[in-house]
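These are my notebook entries from a first look at this structure. I went through a helix, then the sheet beside it, and then single residues.

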Amino acid sequence: MSNLTVEHLSPDRMRAAFPLIREALPTLDLAGWLRFAKQTAAARRAGRAGIVAARRTSRPYPCGLFCYRVDRDVVQGRVSIAEHFVAVDLLEPAAVLAVLVAELDRLGSTLGCAAVRSLVHGTAADVAGGLAKAGHTAAGTLLFKPLMGANAA
């Protein structure tokens, strides 16, 4: 895993990360991704949200990422909420996921969070398995219902 680097996604790499995020969100278009990524990068400056990307040290393009935000929980206090995990690597996708999960835990501590809450969408069993290996456990069930006529933010 030493040939992997983890860093916040910088504005100049947002377009390069688009094919990667499409693995997690296939219906997302480039304009929607750039709008979300720019808003998230602005929130990062305030310590409220961000996008973390992993890349091979020898390559400029990301091979993994997750999005996070900090929220307040009535029981836990500050919690880091992470979602949209993507780890795409021909040889070692588990290694990419492992460095992302390690960064998620480190980041939560750095941000003063009491806990990390990870949302695994759809059938991403490999992501859930990687999080479980790092000590994350099921804490409930997340249900989702899209609202007809609601505008995406």
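I began with helix α2, whose 16 residues reach 23 Å from the first C-alpha to the last, close to the 22 Å expected at 1.5 Å a residue; the expected span is 1.5 Å times one less than the number of residues. Helices here are DSSP runs of H or I with at least four residues, strands are runs of E with at least two, and both are numbered from the N terminus. I noted that this is a predicted model, in which local features need pLDDT of at least 70 and side-chain atom pairs count only at pLDDT 80 or more, while totals for chains, interfaces and linings use all residues. Residues are numbered from 1 along each chain as its sequence is written, and side-chain values use heavy atoms, with hydrogens and water left out.

T40 counts as buried because its relative accessibility is 7%. Not counting residues up to four places away in sequence, T40 touches A49, G50 and I51, where contact means heavy atoms within 4.5 Å. After α2 comes G47, with a positive phi near 75°.

I then turned to the sheet, which is open and has five strands in the order β1-β2-β3-β4-β5 with mixed pairing; two strands pair if DSSP finds at least two bridges between them. β1 (4-8) and β5 (115-118) stand at the edges with a single partner strand each, so one side of each has no neighbour in the sheet. Strand β4 (residues 77-87) runs parallel to β5 and is joined to it by four bridges, and A82 has S118 in β5 as its bridge partner.

How does α2 lie on this sheet? It lies across β1, β2 (49-56) and β3 (62-73), at about 110° to β2, with axes fitted to C-alpha atoms (for helices over the stretch in contact) and angles from 0 to 180 degrees between N-to-C directions.

Last I checked R69, which lies in strand β3 and is partly exposed, with a relative accessible area of 34%. Its side chain and that of E83 are joined by a polar contact of 2.9 Å, that is, a pair of N or O atoms within 3.5 Å; within protein, one must be able to donate a hydrogen and the other to accept it, and residues adjacent in sequence count only if both atoms are side-chain atoms.

Key
Buried means under 20% relative accessible area, exposed over 50%, partly exposed in between (1.4 Å probe, protein chains only).
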